Amino acid sequence: MTNRHALSHLALAVAVAATLSLVTAGRAVELDPAAIAYATPDQFKWRDPTDQVATNSTILHGDPTKPGPYIYINKFKPGRFGNPHYHPNDRFITVIDGASWHGTGPVVDVAQAKRVPKGTFMIDHANKVHWGGNKEEGGSYLITGIGPATSVEVAKANGPWTGGDPTAATIMLPDQIPWRDHGAFRLANLTGDPDKRGLFVQMLMLLKGADFSRPHVHPGPLFTTVLSGTWWVGTGNKFDPANLSVPMKPGTFVTHFGNRVHWDGAKDEDVTLLIIGEGPVTTRRVDEAR
């Protein structure tokens, strides 16, 4: 399968949802809990439940301290900057709320930091020194990578600022996301390749009113965060978007388990999704119930 075809099939097919009941027109719509798991933002388990710390975190998948893939969120309060540091492996970061400031190299010069607003995608490259923080507004990062994701601080260097390290980070601002139009949807491949082994990250925009994907399965798990819009999801081989789909609101984190039947789409508004998985990814249609 070519990369283009794999991306198209994945984008049309991807559907990760939540165990959720919705009462509509006097009947309950339920998704298959064996097909998906979910957490809405109010259900996230934060390291500091009181949210008083300058930097709070919640782990969504895996364990950043151990080998293997992980996904977690760091949430930052205004008026804080960290020390320069590096990580042993690449980290892939999506700004999902507010805005933060990012710098590279051992000299911390807040005036030279780059503002990274919601919708920005970044890569902090392995063993490269960087730092960041927040000024007048808070922000949140969704971070993924392959663990262990340790952080090693380095001593601050005295100025003056000499430009930082341009090899330490890749930053795609919202207007630099490499969207490609595919008719009923738009797709941006941010890192990795779903046709090949290894971690990949994509953004997928489902356009309102377009056809839903039909019931299908993928061989392994996919992890999706709803960035904007309301995503409508169904499970099982009975395809009925009007009566058997349930809404996923912005901020919801959902896991689709491998080889479980699902389908999805957008209704009256565009939907933007952040999709994380490990390739290779294939999509197999299943027979639909009559």
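Two strands are taken to pair if DSSP finds at least two bridges between them. Strands (E, at least two residues) and helices (H or I, at least four) are DSSP runs, numbered from the N terminus. The model is predicted, so local features need pLDDT of at least 70 and side-chain atom pairs count only at pLDDT 80 or more, while totals for chains, interfaces and linings use all residues. Residues are numbered from 1 along each chain as its sequence is written, and side-chain values use heavy atoms, with hydrogens and water left out.

Strands of a sheet pair through backbone hydrogen bonds, either parallel or antiparallel. Here, 7 strands form an open sheet with antiparallel pairing. Their order is E3-E22-E19-E24-E17-E16-E15. E3 and strand E15 (180-181) stand at the edges. Each has a single partner strand, so one side of each is left without a neighbour in the sheet.

Strand E22 (residues 253-256) has E3 on one side and E19 on the other in the sheet order. Strand E3 (residues 36-39) is joined to E22 by 4 bridges, and the two run antiparallel. In this pair, Ile36 stands opposite His256. Strand E19 (residues 222-228) also pairs with E22 over 4 bridges, in the antiparallel sense. There, Leu222 stands opposite His256. The side chains of E22 point two ways: Phe253 and Thr255 one way, Val254 and His256 the other. All four are buried (under 20% relative accessible area with a 1.4 Å probe, protein chains only; exposed is over 50%, and partly exposed lies in between).

E19 is also joined to strand E24 (residues 271-279). This antiparallel pair has 6 bridges.

In soluble globular proteins, nonpolar side chains tend to be buried together. A nonpolar core is a set of buried Ala, Val, Leu, Ile, Met, Phe, Trp, Tyr and Cys residues joined through side-chain atoms within 4.5 Å. The largest such core has 22 residues. Phe121, Leu142 and Leu190 touch the most other members. Elements that give two or more residues to this core are E5, E8, E10, strand E16 (185-191), strand E17 (198-206), E19 and E24. The largest share, 3 residues, comes from E17. Contact means heavy atoms within 4.5 Å. Leaving out residues up to four places away in sequence, Phe121 touches Phe92, Ile93, Thr94, Thr170, Ile171, Met172, Ile177, Leu190, Thr191 and Val201. Another core, of 21 residues, lies apart from the largest one. Leu187, Val254, Leu273 and Val281 are among its members.

A pocket is an open set of points where a 1.4 Å probe fits, with protein on both sides within 12 Å along at least five of seven lines; lining residues have an atom within 4 Å of a point. Grid points are joined across faces, edges and corners, and a volume is the space filled by probe spheres set on the points. The largest pocket has a volume of about 390 Å³. It is lined by 25 residues, and those closest to its centre are Asn74, Phe76, Arg80, His85 and Arg91. Strand E5 (68-76), strand E8 (91-104) and E11 each give two or more residues to the lining. The lining divides into 7 nonpolar, 14 polar and 4 charged residues. In this count, Ala, Val, Leu, Ile, Met, Phe, Trp, Tyr, Cys and Pro are nonpolar, Asp, Glu, Lys and Arg are charged, and the others, Gly among them, are polar.

The second largest pocket has a volume of about 270 Å³. Of its 14 lining residues, Pro41, Phe44, Ile96, Asp97 and Gly251 are the closest to its centre. E5, E8 and E19 give two or more residues to this lining, and E19 gives the largest share, 3 residues. The lining divides into 8 nonpolar, 3 polar and 3 charged residues.

Some loops show particular backbone geometry. A cis peptide bond joins Gly147 and Pro148, with omega about 5°. Pro148 is in the loop between strand E12 (139-147) and strand E13 (152-153). The bond from Gly159 to Pro160 is also cis, with omega near 5°. Pro160 lies in the loop between E13 and strand E14 (169-172). Asn259 is not a glycine, yet has a positive phi of about 60°. Asn259 is found in the loop between E22 and strand E23 (262-265). Asn259 counts as exposed because its relative accessibility is 51%.

Methods:
On a 1 Å grid over the protein atoms alone, a cavity is a set of points where a 1.4 Å probe fits but cannot get out, and a pocket is an open set with protein on both sides within 12 Å along at least five of seven lines; lining residues have an atom within 4 Å of a point.
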